[in-house]
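Subject: Structure handover and notes

Dear colleague,

Please find the structure below, followed by my notes on what was found in it. I would be glad if you read the two side by side.

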Amino acid sequence: MLKRIILWRHGQTDANKNFRIQGAIDVPLNAVGLRQAQEAAQELAQLEPTRLYCSDLSRSRQSAQALADLTGLTPVVDARLQERNYGIWEGQRSEEIRQQWPEQWEIWAAGQEPGLGIETRLACSERMAACIEEAAGDVERSEREETVVFASHGGAITCAISTLLGLNPSQWQGLRVVDNCHWALLIPRPGGVPKWRLAAYNRWDARTHAVEDLTIG
């Protein structure tokens, strides 16, 4: 039985530090990111994860491995958990993009899709959600309560959450990107609409699970 899922962003990279768009570029964690992953893993381990997934990019795999080392879980690598692909913008800073593609930058800044071969929010969210729903379906056949962790990426996580909450990520962008090594927690709502409820967002400490016990009234 599925108790909850956790969408966990990887630790810091040099590209994060220098405000460069990473997307599908395979950038490893830097020293700060490795430390963040180890510290966050200690918190996540308190939530007793039973399954662990990660994208195939090294910054996600390294973060997942920090949790695997504490829990004994074997990370399942799934490319569908990759960051949104930003195409020719990858490796660029905001000011560089603004100078080279001013028209597309204005479209982007307005919350719309800039084209240029950049993966749409909807496409990113659909592959993310497909991976999550597939894993959730496997867990539903389990007799024990399970907590599933998905080590992924900031943009991909916000897109996925929108879709899981029944929203169109190309039209609704009400979530800021989670910080490095922070996570979001969702709980299933069997038979409910939407099928998931966002119980915590952009959290670091394991006390985040307490929100699941809140009642209305």
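Helices and strands are taken here as DSSP runs (H or I of at least four residues for helices, E of at least two for strands), numbered from the N terminus. The model is a predicted one, in which local features need pLDDT of at least 70 and side-chain atom pairs count only at pLDDT 80 or more, whereas totals for chains, interfaces and linings use all residues. Residues are numbered from 1 along each chain as its sequence is written, and side-chain values use heavy atoms, with hydrogens and water left out.

I begin with the sheet, where two strands are said to pair if DSSP finds at least two bridges between them. Six strands make up an open sheet in the order 3-2-4-1-5-6, and the pairing is mixed. The edges are taken by strand 3 and strand 6, each of which has a single partner strand, so one side of each is left without a neighbour in the sheet. Strand 1 and strand 4 are paired in the parallel sense over seven bridges, and Trp8 has Ala151 in strand 4 as its bridge partner.

Next come the cores. A nonpolar core means a set of buried Ala, Val, Leu, Ile, Met, Phe, Trp, Tyr and Cys residues joined through side-chain atoms within 4.5 Å, where buried is under 20% relative accessible area, exposed is over 50% and partly exposed lies in between (1.4 Å probe, protein chains only). The largest nonpolar core has 27 residues, of which Ile5, Leu7, Phe150, Ile161 and Leu186 touch the most other members. At least two residues of this core are supplied by each of strand 1 (2–9), helix 6 (121–140), strand 4 (146–152), helix 7 (154–164), strand 5 (183–188) and strand 6 (196–203), and the largest share, eight residues, comes from helix 6. With contact taken as heavy atoms within 4.5 Å, and not counting residues up to four places away in sequence, Leu7 touches Ile132, Phe150, Ile157, Ile161, His182, Trp183, Ala184 and Leu186.

A second, separate core holds 24 residues, including Trp8, Ala41, Cys54 and Ile187. Ala41 belongs to helix 2 (residues 31–45) and is buried at 0% relative accessibility. Leaving aside neighbours within four places in sequence, Ala41 is in contact with Trp8, Ala66, Leu67 and Leu70.

For the aromatic residues, rings of Phe, Tyr and Trp (its six-membered ring) pair if their centres lie within 6.5 Å, with planes under 30 degrees apart counted as stacked, over 60 as edge-to-face and the rest as tilted. By this rule there are four aromatic pairs. Tyr53 and Phe150 form a stacked pair, with 5.2 Å from centre to centre and 20° between the planes. Tyr53 lies in strand 2 (residues 51–54) and Phe150 in strand 4, so this pair ties together parts that are 97 residues apart in sequence. Tyr53 is buried at a relative accessible area of 11%, and Phe150 is buried at 1%.

The pair of Tyr86 and Trp108 has ring centres 5.8 Å apart and planes at 75°, so it is edge-to-face. Tyr86 is in the loop between strand 3 (76–77) and helix 4 (94–100), while Trp108 is in helix 5 (residues 102–109), 22 residues apart, and both are buried. Ring pairs also link Tyr86, Trp89, Trp101 and Trp108 into a cluster.

The peptide bond from Val193 to Pro194 is cis, with omega near -5°, and Pro194 is placed in the loop between strand 5 and strand 6. Glu48, in the loop between helix 2 and strand 2, has phi near 55°, a positive value in a residue other than glycine, and is exposed at 61% relative accessibility. Asn202, which is not a glycine either, has a positive phi of about 55°, but is placed in strand 6 and is buried, with a relative accessible area of 18%.

With best regards
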